[in-house]
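Hi,

Here is the structure I said I would pass on.

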Amino acid sequence: MKFYGQHILTSGQFDKEGLLSLFEEAHAMQKILEKGKKSSVLDGKVLATLFFEPSTRTRFSFESAMLRLGGSVISNADMMQTSSLTKMETLYDTGKVVSKMADVIVARHSTGGAVSEISRGSEVPVINAGDGAFEHPTQGLIDVYTIWKEKGRLADLTVGLVGDLKFGRVPHSQCKLLKHFKVKFLCVAPKGIELPEEMVLELKDSGCEVEFAENLEQAISEMDVIGMTRVQKERFSGESEYKKYAGSYVLDGEVLKKAKKDAVIIHPLPRVNEISVEVDSDPRAKYFGQVRNGVALRMALLKKVLVEE
Ligand code: CP
């Protein structure tokens with residue numbers, strides 16, 4: 001697959017070879033990061049971050065990545081309130097205009113497809129930092145990179161997807177990436193917010209096994225990867241609907257006793273209460289390490305998109 005000059009809008013555009021080359025690059029970037037060094041590979045390049053929906057990790061992570069590669073950042077964390085969208089400027093025009101001032105755009109929006117609309121107007125690559133309940137490709141990449149680093153492989157793994165698999169855009173992105181490695185998916189979701197049927201079919205068509213369970217305590221012993229996600233409160237029609245599902249699954253010390261000794265626990269964060277704080281000190285907990293991996297992965301992605309190999 002080609003990275004240079006491309007929009008990164010969906011995990012579906014990644015193939016196996018592209019993923020592995022990105023992970024090798026991220027591994028090299030991680031060495032720069034851990035040495036506290038700064039590269040000049042993106043000297044003179046400007047990143048614009050356009051966030052129409054709240055974020056802590058994704059925006060800072062992209063900005064940190066760009067700065068560590070010698071580039072510069074222009075940023076708006078509250079596009080809904082403080083951009084010319086309030087004067088009825090369209091997303092298409094916003095993409096067109098910002099692309100005259102930046103070399104790459106990272107955008108997040110609460111509506112699925114909105115980031116694609118920005119990319120239609122843009123004359124520079126646009127990277128999807130989360131669009132509604134559709135996808136969050138770079139978070140999916142970070143998760144799969146973390147599994148690759150921790151387990152040394154991606155094939156022959158049983159990956160647990162636990163939580164809100166309907167509205168959780170991260171599990172959707174994880175599925176589209178991991179399907180290339182024919183992993184076995186073990187889906188644990190409350191009735192009503194299960195993995196969409198079309199996603200299940202996509203996984204099966206790719207040769208993956210997909211199993212379902214309702215009880216985390218029973219299912220956890222099979223998992224090589226325990227992929228936790230929060231219930232996506234902001235995607236429900238109201239508080240009462242959200243409360244039907246909130247707190248359905250909690251990974252605490254007791255439940256973790258039943259997990260494999262070499263399991264890897266991931267979570268895109270933020271967490272609400274689906275992982276107890278007592279789990280944080282367990283060596284299997286990799287979710288805070290994932291944040292660091294995310295900077296390296298995004299350094300690699302920015303380099304591949306902006307520098308012709
Ligand atoms: N994982 C993630 O997308 O976090 P933020 O919402 O804080 O960016």
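Let's start with a salt bridge: Arg169 pairs with Glu53, and their closest N and O atoms sit 3.1 Å apart. Keep in mind that this is a predicted model. The count of salt bridges between domain 1 and domain 2 is two. Polar contacts across that interface come to 23 residue pairs, both partners being at pLDDT 80 or more.

Which parts of domain 1 face domain 2? At least two residues each come from helix 1 (16-34), helix 2 (57-68), strand 3 (104-109), strand 4 (126-131) and helix 12 (287-306). Helix 1 gives the largest share of that side, with nine residues. Sorted by class, the side of domain 1 that touches domain 2 holds 13 nonpolar, eleven polar and ten charged residues.

In the contact, domain 1 takes part with 34 residues and domain 2 with 27 residues. As for the area, domain 1 and domain 2 bury about 2,600 Å² between them, and 61% of that is on carbon and sulfur atoms.

Back to Arg169 for a moment, as this residue belongs to helix 7. Helix 7 runs over residues 169-178 and is mostly covered, with ten of its ten residues buried.

Another arginine to look at is Arg230, in the loop between strand 8 (225-228) and helix 10 (239-243). Is Arg230 buried or exposed? Its relative accessibility is 15%, so Arg230 counts as buried, the cut-off being under 20%. The side chain of Arg230 makes a polar contact with the side chain of Glu234, at 2.7 Å. If you skip the neighbours within four places in sequence, Arg230 is in contact with Asp164, His267, Pro270, Val272 and Glu274.

One of those partners, Pro270, has a backbone feature of its own: the peptide bond that leads from Leu269 to Pro270 is cis, with omega near 5°. Pro270 lies in the loop between strand 9 (264-266) and helix 12.

Two further backbone points, in case you are going through the torsions. Met88 is a residue other than glycine with a positive phi, near 70°. You will find Met88 in the loop between helix 3 (79-82) and helix 4 (91-99). Its relative accessibility is 75%, so Met88 counts as exposed. Lys182, not a glycine either, has a positive phi of about 50°. Lys182 is in the loop between helix 7 and strand 6 (184-188), and this lysine is exposed, with a relative accessible area of 52%.

That's the lot from my side.

Cheers

Terms used
Residues numbered from 1 in each chain as written. Heavy atoms only, no water. Contact = heavy atoms within 4.5 Å. Buried area = accessible area lost by both parts, 1.4 Å probe. Salt bridge = Lys/Arg side-chain N within 4 Å of Asp/Glu carboxyl O. Polar contact = N/O pair within 3.5 Å; in protein donor to acceptor, adjacent residues only side chain to side chain. Helix = DSSP H or I, 4+ residues; strand = E, 2+ residues; numbered from the N terminus. Nonpolar A, V, L, I, M, F, W, Y, C, P; charged D, E, K, R; others polar. Buried < 20%, exposed > 50% of the residue type's maximum accessible area, 1.4 Å probe, protein only.
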